[in-house]
Amino acid sequence: NLAHADNVLDGETIDDEVSLANYLSLYIDHSNKLSLYDVIAPDISAQFRPSPAKANLGFVDTAIWLKATIKNSSDSRQRYYIRHAHSTTDYVDFYSSNGNTWDRMTSGDRIDFERRPYSFVQPIFPLDIDANSSKTVVIRILNKGRTIIDFGINNETSLLQKLSELKTFSGFFIGGVFALLIYNLLRLWNTPSAVTGYYLCYLISVAAYVGSETGMSFKFLWPNSSEIANSISLFSLFLIWISWLQFSRKILSLDLVAPKADRITGYLIWIFLFLILTIPILDHSILSFIAWNGSLLCLPYLFILGSITLFSHDKSAKHYLAAMSVIIAGIIVIILRNQGLIDDNSTTVTIPAVFILIGLTLFSITLSINIQEDNRYKYIDPITYLFNSVYFLERLENEFEIAFHQQHTLCVLLINIDELT
């Protein structure tokens with residue numbers, strides 16, 4: 001008997017998704033060589049211990065075995081669905097008892113969509129249980145990245161609701177990013193500028209990363225190559241930071257306000273460019289570790305840059321800091337959720353999406369203010385607030401054309417003012 005009596009979950013109690021945290025037992029296979037039949041043997045089975053709720057095992061290089069028993073106390077055969085909330089887990093093997101044999105299904109980030117039980121980014125496994133009977137399930141997790149145990153069990157209604165929430169989140173976020181992308185493409189068309197180009201690159205990178213993390217690019221572009229999908233995820237993440245850092249340099253005028261910070265930012269950009277070149281060489285888990293820890297360092301760094309330029313009375317800096325604050329708040333929620341410190345539910349999925357989308361919108365507003373300031377000081381001297389020579393020459397050319405076509409006399413009056421204070 002693999003599972004203890006107090007581990008039995010009655011499927012009749014499932015209305016919404018129920019966490020399996022209180023029903024799972026755990027065993028760590030340090031050799032990575034044990035098979036299912038090794039694990040169900042009495043000597044290993046006796047070593048299983050209750051799994052901690054929302055277990056965050058960190059970066060481990062061992063196989064994790066889990067077991068639980070689910071009971072169907074109804075008078076009809078029922079189908080349940082086991083869902084693992086973390087889509088970045090490399091391999092998840094699911095075994096369910098079937099008399100004297102075991103049925104096996106495999107999913108995970110390294111498994112092509114065509115080979116998964118359900119073509120969805122998160123591992124989902126069906127479990128059929130006859131009336132007034134129970135089944136034992138055994139799960140094996142193998143992951144080179146951060147390993148988090150977060151399984152839930154659903155009936156068909158609660159699963160559809162959960163998947164609907166996830167798809168609504170993805171559609172809402174990508175739709176908002178797409179709207180910002182179209183708006184700024186039109187702005188780039190009307191008012192070409194390098195800083196708008198960097199912001200567009202940033203938006204495209206964000207959309208590509210979200211599409212990769214939600215499995216859209218994997219499912220529709222590279223369904224037979226998890227390696228390409230994971231590489232695209234890392235590439236888009238590094239490109240986010242390259243374009244974000246370069247956008248920040250230009251929007252905050254770091255070369256004028258803080259030259260040393262501008263040079264440091266340039267070095268960081270070169271580091272991320274180098275990391276892009278290492279994607280085909282280094283292991284995915286190593287680069288993921290570097291990418292996420294680099295992100296945690298860059299976020300406060302960019303906030304500090306905005307604070308530095310704020311003291312120079314730059315109007316763009318206020319909106320930049322507001323955008324950074326909202327985005328940092330959203331990313332903190334994502335980190336807490338991925339670390340297993342807060343529940344993975346519709347609220348903790350929606351809040352960071354809304355926060356980050358608001359931050360992206362504030363960046364777009366910051367860009368608008370920056371362009372308005374540039375257009376304003378294109379013709380006006382920032383010290384005297386008088387029209388400058390650029391305005392004079394363009395206006396003089398227009399006046400010449402008007403005088404020529406209308407056959408009018410044109411008079412220009414030059415005044416020399418000394419010691420203007």
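Reader: Is Phe247 buried or exposed?

Author: The general idea is a threshold on relative accessible area: buried means under 20%, exposed over 50%, and partly exposed in between, with a 1.4 Å probe and protein chains only. Phe247 has a relative accessible area of 0%, so Phe247 is buried. Tyr199 is likewise buried, at 0%. This is a predicted model, in which local features need pLDDT of at least 70 and side-chain atom pairs count only at pLDDT 80 or more, while totals for chains, interfaces and linings use all residues. Residues are numbered from 1 along each chain as its sequence is written, and side-chain values use heavy atoms, leaving out hydrogens and water.

Reader: Which share of the residues of the protein counts as buried?

Author: Of the 421 residues, 47% count as buried.

Reader: How many aromatic pairs are there?

Author: Rings of Phe, Tyr and Trp (its six-membered ring) pair if their centres lie within 6.5 Å; planes under 30 degrees apart count as stacked, over 60 as edge-to-face and the rest as tilted. By this rule there are 15 aromatic pairs. In one of them, Tyr81 and Tyr118 are edge-to-face, with 6.0 Å centre to centre and 65 degrees between the planes. Tyr81 belongs to strand S7 (residues 78-84) and Tyr118 to the loop between strands S9 (101-107) and S10 (124-129), so the pair ties together parts 37 residues apart in sequence. Tyr81 counts as buried at 10% relative accessibility, and Tyr118 is partly exposed at 28%. For Tyr199 and Phe247, the ring centres are 5.5 Å apart and the planes stand at 40 degrees, so this pair is tilted. Tyr199 in helix H4 (residues 194-213) and Phe247 in helix H6 (residues 226-251) are 48 residues apart. Helices (H or I, at least four residues) and strands (E, at least two) are DSSP runs, numbered from the N terminus.

Reader: How do the axes of helices H8 and H9 cross?

Author: Two packed helices are described by the angle between their axes and the distance between the axes. Axes are lines fitted to C-alpha atoms, for helices over the stretch in contact, and angles run from 0 to 180 degrees between N-to-C directions. The axes of H8 (residues 259-277) and H9 (residues 284-310) come within 12 Å and cross at roughly 165 degrees. That makes H8 roughly antiparallel to H9 (angles under 35 degrees count as roughly parallel, over 145 as roughly antiparallel, 65 to 115 as roughly perpendicular and the rest as oblique).
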